[in-house]
Amino acid sequence: MWLEDAERLRKQDLMLRLPMVNTAGTLGFAPNPRKMPFLDNLGAFITNPISRRRRAPAGNRCSLPFEGGFLLHTGLQNPGISRAITLHKARWAGAPLPVIVHLLVETPDTLAEMVRKLEGLENILAIELGLPPLCDPDTLSAFVEAAYGELPAIVCLGLEQTPALLDTLERLAPSAVHITPPRGALPEDDDRIISGRLFGPAIYPIMLHTISAVVKTGLPVISSGGVMTRQEVDALLHLGVMAVGLGSVLWHVDQGCLFVK
Amino acid sequence: MTVPLTGKLTEVFQFGSEKAGVLDISGKHWPAPGQYLACQNPADPSGALITPLFKVIGIHDRLCVSPLPARWQPGDVLVFQPPQGQGFTLPAHVRRMALFAFEVSPARLLTLIEIASTQNADIALFCEPAPSKDILLSIPSMIEIADSASLLGNLDWPEYLAIDLAWQDLDRLSALFGDQGSRLEGQVLLRTAMPCRGMGECGVCSVKTRRGWRFVCSHGPVFDLSEVLNVA
């Protein structure tokens, strides 16, 4: 049977074997089956964020708990794209599941350079574009254009960026959109305000509310944020997301019934 | 999927500035001094983070651990991973051991007493501030106790120096020891949050060493002094 032209699979379409992935920043730069017994339940492994050049950790790195979750401020330490490929390409190639490389986007030119370095590597399923916090629609368009190549591109944006960029995303139609937990801020002991990504169950109701609007665009959606239970996974899948991203629950000693079907 | 280990908190008590407890688990899962148990308490709904628990000095033949979150109660059943991380390794030749608690409770360092005693080592504890009364009562009388100024005046005494401090204070520690720091034999236990417990290389516990950036959760939490002192 021939597919209609409109339904023909584009080369950049993203296909996941299973509807769960990890969120960038939760499982390191390469899968480690010895440490991560749950890998069989994931449709892909998303790497920690990787920038063009090496990044050192933030001087005031910390994790600040609050009722219902915690804030993580790290500086996104990573070895840079060239070194990351050298260090991890063998483990990516031999991984028991496909790998999505999360790229920290700075400029369209440097993004295109990073994407080219990843093309041709074994077992890379897609790239994920981690947008800068103040990304506007024009810049987003330039990034997606720069990322266009052999690998599907997933646009990864924080919950707080969604309202401003959703119309543009609908027009650009990337391979998928990954909505991640919002950034937040908390006072430290010395009353300095620390900003960072928020994790924990308190995030889930906000995510669920936003995702129900995003799926209506028809874009393939991956939703991360606050998922702790199988029931929460199922609710997102029922809404129509392509996959559910798991974050800090993967750091738990016991994930409970999360992976029980 | 592997079944996580479980153990019951049979007692909870205040121990110096920290909340501690007795954890009833098999002896083969007891952490060595400086190692930690990554623990989770299903009874604590606020527990979005795992809690690293360290062995502290306490009741003989029972595992005392600290620091417990405020909400954890006697009777809570914890799920935990086997002991993680690099603990203290006291060289067999050492006969003079100094323990230095730098603005933290000395309770974790004091677990080294048992090991040092088996090799007939003399032990001295240096603290700033002085230990609370309940901790003092748990320290054997053979242990000398003094303040940090006394340690600085006698840095040539210990053959092995074990330190406990917050990672943010590494620079202050380097400044405190000055040039003598490079000649010290010993190890330091770095206190920091370890939210990903070595799974995610999240970077919260990154520490700069002579061999580059290392993670306290997986490469530590105990490091050789020569690795971390006076690293710009």
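**Strand pairing and the chain contact**

Modeller: In this predicted model, five bridges join β3(A) to strand β4 (residues 69-73) of chain A, and the two pair in the antiparallel sense. Within this pairing, Phe66(A) stands opposite Gly69(A) in β4(A).

Colleague: Why are β3 and β9 of chain A said to stand at the edges?

Modeller: The open sheet has four strands in the order β3-β4-β10-β9 (chain A), with antiparallel pairing. β3 (62-66) and β9 (183-187) each have a single partner strand, so one side of each is left without a neighbour in the sheet. The twist averages 40° from one strand to the next.

Colleague: How do you know that β3 and β6 of chain B pair?

Modeller: Two bridges link β3 (residues 36-40) and β6 of chain B in the antiparallel sense; because the criterion is at least two bridges, they count as a pair. Cys39(B) stands opposite Phe80(B) in β6(B).

Colleague: Why is the contact of Arg71(B) with Glu67(A) called a salt bridge?

Modeller: The closest N and O atoms are 2.8 Å apart. The cut-off is within 4 Å, so the contact of Arg71(B) with Glu67(A) qualifies as a salt bridge. The count between chain A and chain B is one salt bridge. On the side of chain A that touches chain B, β3 and β4 of chain A each supply at least two residues, and β4(A) gives the most, with four residues.

Methods. Residues are numbered from 1 along each chain as its sequence is written. Chains are lettered from A and ligands numbered from 1 in the order in which they are written. This is a predicted model: local features need pLDDT of at least 70, side-chain atom pairs count only at pLDDT 80 or more; totals for chains, interfaces and linings use all residues. Side-chain values use heavy atoms; hydrogens and water are left out. Axes are lines fitted to C-alpha atoms, for helices over the stretch in contact, and angles run from 0 to 180 degrees between N-to-C directions. A salt bridge is a side-chain nitrogen of Lys or Arg within 4 Å of a carboxyl oxygen of Asp or Glu.
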